[in-house]
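Please open the structure in your viewer and keep the selection tool at hand. This tour goes from one selection to the next and says what is found at each stop.

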Amino acid sequence: MFHQIGVFFMSCLSLYLTFCEAEDYVLDDRSGLGRRFDGIGGLSGGGATSRLLVNYAEPYRSQILDYLFKPNFGASLHILKVEIGGDAQTTDGTEPSHMHYENDENYFRGYEWWLMKEAKKRNPNITLIGLPWAFPGWVGHGTNWPYDFPDITAYYVVSWIIGAKQYHDLDINYIGIWNERKFDSKYIKLLRYTLDKSGLQQVKIVASDNLWEPISTSVIFDEELSSAVEVIGAHYPGTTTVTQALLTGKPLWASEDYSTFNDDVGGGCWARILNQNYVNGRMTGTISWNLIASYYENLSFGRDGLMTAEEPWSGNYVVESPIWITGTSLFYYFLCCCIRPPLPAFNVSAQSATFHLKGSFNALTSLQVWHSKLDFKRQNSILFKQLSPMKLSDGTFSLDLDVDEVYTLTTITTGQKGAHPAPPSSTPFPKIYKDDFNVRNPPFTEAPDFADQTGVFEYFINLTDPGPHVFTLRQVVTQRPVTWSADADQTISIIGDHNWQNLTVTCDIFIETAKTGGVFIAARVDQGGEAVRHAKGVFFWVYADGTYKVTNDIGLSGTQAGVWHTLSLTVKGQYATGMLNGYPLWKSAVVLQPKNGWAAIGTNTFELAQYDNFAIEAE
């Protein structure tokens, strides 16, 4: 629907628009057309923003995907941008790399491959973009910078593109280059060379996928760099561009934008961004961060997606107003504010506007009309309702425009608003939860509902154990990754309900690192995402040297590496108790803060460890 409905909108605004009187507008294509419209997109990643989506049961998962990607149905996105996982925390979690280690390649980790295939299944013409936010530690050779060895970084990125085609038949159209610390033109040129040498001339580069400068000026004065870069991309440009970016003659994209809570105010914000990016900023593509709010809401930027799907256990999802606003809007009059980025100040009022179509559009006799009205006070919004066709007389028509409205006018007559049956009602995370990880051929490498915050926890087949622990969950990151965010010094994966206060967490654990290794289970973990380094909670640690620790209490546990142990942590009120292998190890530890939070598992450092028979009982 939306990618067709927007045809007239973008054609109109590509023309030279002049003002006749205060409320009369002339749209005339006889002087030429403007920039080609490249589309509207959504961003999965940066990081782990689609994590819970894969755990939805059918038919709900397919319904969600329809609202995002199916043409003539919902958002009908033109672009899907995904994170190239780097084993690092990149906002709301970590996404696994296709190369954990230098001699390791696996192109079935994570869920972005699956998501791209689902998008292509619904819209074969959708544009695919990959961007690494972070890199495995080996790429940086012990530093937190990926470009000291640019040939290695280029090889790493190109391997991902080749793997997408070889293993998933996915053609990546663009690759982004981003690092917020500084711009590296040498790496961009080397990446272009490596792509061409690998037979990937059709893969274009978006740079610097951060700010308009210094990339724009560099492209103007560096012919080789200009040849390497196809699109100038900026994050959160605030609907404006700079002169140097326009002078490059390159397509300009808001390659990451929006990042706003997805209620009706967020829908109004998104409408302003989509219109003003094209009209004011001359940007021909706008990509929303994020595609879908499919992560625990108490993580960073909760519900900052085009729609919400954060309850795979219930099947509930919410088609938020930004989905319908994504239908390219011709006119907008919003009294709303955006959380990020701050947009230019504005004043609006109701008006009656008359439009005069000249040139090739003068022969039109009618236009299809779609209308949205955001009702912030009574929560009774009208979203993408089809109205009677607009009749034109000698290329002229008028509209009475009120505040907080969106109109779309188009010559396309086949548009429709798609709908699926209402999903199940929202329910909290189940209070009784068990997972023995006994999945012989898992569809995804992540266990359901676990959200890795530092490190990567994957399904593992332990062929050396003939006993009950053949199928386990394993933490596999052994070196601090190269990242812009604040990974914790310990690996951690959270699960459950952030509101939990009284609960018991039980898990079999296997320390793989002799002498120095350690693992933990936890309750009431209060923070994750970018704040994971500062997370508080009740952590029950055991170590390979036979010691244990609970917050600030240290004692002997008898644990060792290479042996399975069962840990149990119970938190109730102000007290916590820990058990090892079914026997009390410590009890009545006083817990004053935090009052609530997730359950979690993790390791003492970036080290290998295994988990099995995980269980939660919450009150």
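**First stop: a buried glycine**

Select Gly-74, which is buried, with a relative accessible area of 0%; buried means under 20% relative accessible area, exposed means over 50%, and partly exposed is in between, with a 1.4 Å probe and protein chains only. Before going on, note that this is a predicted model, in which local features need pLDDT of at least 70 and side-chain atom pairs count only at pLDDT 80 or more, while totals for chains, interfaces and linings use all residues. Residues are numbered from 1 along each chain as its sequence is written, and side-chain values use heavy atoms, with hydrogens and water left out.

Gly-74 sits in the loop between helix 2 and strand 4, where helices (H or I, at least four residues) and strands (E, at least two) are DSSP runs numbered from the N terminus.

Next select helix 2, residues 60-69, which is mostly covered, since eight of its 10 residues are buried. Among the buried ones are Arg-61, Asp-66 and Phe-69. Which elements cover them? The cover includes strand 4 (79-83), helix 3 (112-122), strand 11 (308-311), strand 12 (316-318) and helix 11 (321-325).

Stay with Phe-69 and show its contacts, a contact being heavy atoms within 4.5 Å. Leaving aside residues up to four places away in sequence, Phe-69 touches several residues, including Leu-80, Leu-115, Ile-126 and Leu-291.

**The two cores**

A nonpolar core is a set of buried Ala, Val, Leu, Ile, Met, Phe, Trp, Tyr and Cys residues joined through side-chain atoms within 4.5 Å. The largest one here has 87 residues, of which Phe-69, Leu-80, Ile-175 and Leu-191 touch the most other members. Select helix 5 (residues 150-168) as well, for this helix gives the most to that core, with eight residues. A second, separate core of 57 residues includes Tyr-433, Leu-503, Val-505 and Phe-540. In soluble globular proteins, nonpolar side chains tend to be buried together.

**Backbone details**

Now move to the peptide bond joining Ala-207 and Ser-208, which is cis, with omega about -5°; Ser-208 belongs to strand 7 (residues 204-210). Another cis peptide bond leads from Gln-593 to Pro-594, with omega near -10°, and Pro-594 lies in the loop between strand 31 (583-590) and strand 32 (598-603).

Then select Phe-301, which has a positive phi of about 55° although it is not a glycine. Phe-301 is in the loop between strand 10 (285-289) and strand 11, and is partly exposed, with a relative accessible area of 32%. Is Phe-384, by contrast, buried or exposed? At 4% relative accessibility, Phe-384 counts as buried; its phi is near 50°, also a positive value in a residue other than glycine, and Phe-384 is found in strand 16 (residues 382-391).

**Zooming out**

Finally, show the whole protein, which has 11 helices and 33 strands. Its radius of gyration, taken over C-alpha atoms, is 26 Å, close to the 25 Å that the globule rule (2.2 Å times the number of residues to the power 0.38) gives for 619 residues, so the protein is as compact as a globular protein of that length. The C-alpha atoms fill a box of roughly 90 × 55 × 40 Å, taken along the principal axes, and buried residues make up 61% of the 619 residues.
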